[in-house]
Amino acid sequence: MFDLDALRQAAELVHQSIPPTPQHAWPLLARRLGCQVWVKHENHTPAGAFKVRGGLVYIQELIKREPRLPGLITATRGNHGISLAMAARDAGLQLRILVPEGNSTEKNAAMRACGAEVIEYGRDFDTARLRAAQLAKTEGWHFVPSLHPDLIKGVATYALELLEAVPDLRRVYVPIGLGSGICGMIRTRDLLGLDTEIIGVVSSAADAYAQSVEQGRIVCTETADTFADGMACRMPAPEALEIIRTGAARILRVDDAAIRHAIVALHEDTHNLAECAGAAALAAAMQERERNRGERIAVVLSGANIDREVLAAILTGKPAVADQSRSNPETAHSAPAAH
């Protein structure tokens, strides 16, 4: 793992392309939760999510190791692909992204707008991922995984911004997909020598990480049927699990109803847009309202890339009109080697 100097260098690299995102303490959220609540606004990045940081650092480090790359291939259904598309465009690299058939048209459009070639292939992410890996081998292009030390180092720059800007936080709530966001937060907290509690948040319908922490071993689930696709993890990554197991105070489960409520609360109290995984941290903090009373806490709003029809259904209290229950492409993998 990286040290503090390497993290600061990564932050300098990230800030050449995107400015630090803000963190705000919102009075209406404070009233709602009975404590001071700081929101780390990763929804304000140019990619609409925290992962853009990891893409920038990963590709720059990759170019140093392999300066004559013919191109990149990856598989995704969301923020991982948008992040890499932006970074590859800036680096002048070709990028091919495989997504499952029926993927979000809005996310596909965002990736294409950044110059990536987006190919719909297969019925789910696992099918697209396997095809992407095959193409990488046959065409000699570099396959970009969903979890890697350079990705963690890049996304950890959001944690450095938050923890240095807001001292004396009692605890921070972080959503868990495959784990780069919370691993970066834990590592940064430790490098800064702070005693802030870090609380991981998973969907109650996709709680593989929670079960794994509780049982002290990798536990895989057969399904991850949550509309919070950014947290739809069926198989934890061993390297991420070890960091979470030793560095997180606990893992909380939140259900889809609580996430919907948190999306509405963020809209009403801050007028900010949150995707489903992006609202999960606030949902967990609301769940621990009594524990947090009078404290100084933070929640990570990790992204805002939610389809318009899904958002409209949530804000109006109507049944969702789009299926968001499929597993997340970056997390619902069938084998650790696929990352």
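Guide: Gladly. This is a predicted model. Start with strand S9: four of its five residues are buried, so S9 is largely enclosed by the rest of the structure.

Visitor: Which strand pairs with S9, and in what sense?

Guide: Strand S8, residues 197-203, pairs with S9 in the parallel sense. There are five bridges between S8 and S9. As an example, Val201 is opposite Leu252 in S9.

Visitor: What holds paired strands together in general?

Guide: Strands of a sheet pair through backbone hydrogen bonds, parallel or antiparallel.

Visitor: Where does S9 stand in the sheet?

Guide: The sheet is open and has six strands, in the order S1-S2-S10-S7-S8-S9. Its pairing is mixed. Strands S1 (23-25) and S9 (250-254) stand at the edges. Each has a single partner strand, so one side of each lacks a neighbour in the sheet. From one strand to the next, the twist averages 25 degrees.

Visitor: How do you know that S2 and S10 are paired?

Guide: Count the bridges. Strand S2 (residues 36-41) and strand S10 (residues 296-301) share six, in the parallel sense. At least two are required, so S2 and S10 qualify as a pair. In one of these bridges, Gln36 has Arg296 of S10 as its partner.

Visitor: How many helices and strands does the chain have?

Guide: The chain has 14 helices and ten strands.

Visitor: Why does the radius of gyration agree with a compact globule?

Guide: For 339 residues, a compact globule would have a radius near 20 Å. The chain has 18 Å, which agrees. Along its principal axes, the C-alpha trace spans about 55 × 45 × 40 Å.

Visitor: How do contacts link residues at least 24 apart in sequence?

Guide: Take the contacts between residues at least 6 apart in sequence. Of these, 75% join residues at least 24 apart.

Methods
Residues are numbered from 1 along each chain as its sequence is written. This is a predicted model: local features need pLDDT of at least 70, side-chain atom pairs count only at pLDDT 80 or more; totals for chains, interfaces and linings use all residues. Side-chain values use heavy atoms; hydrogens and water are left out. Axes are lines fitted to C-alpha atoms, for helices over the stretch in contact, and angles run from 0 to 180 degrees between N-to-C directions. The radius of gyration is taken over C-alpha atoms; the globule rule is 2.2 Å times the number of residues to the power 0.38. Contact means heavy atoms within 4.5 Å. Buried means under 20% relative accessible area, exposed over 50%, partly exposed in between (1.4 Å probe, protein chains only).
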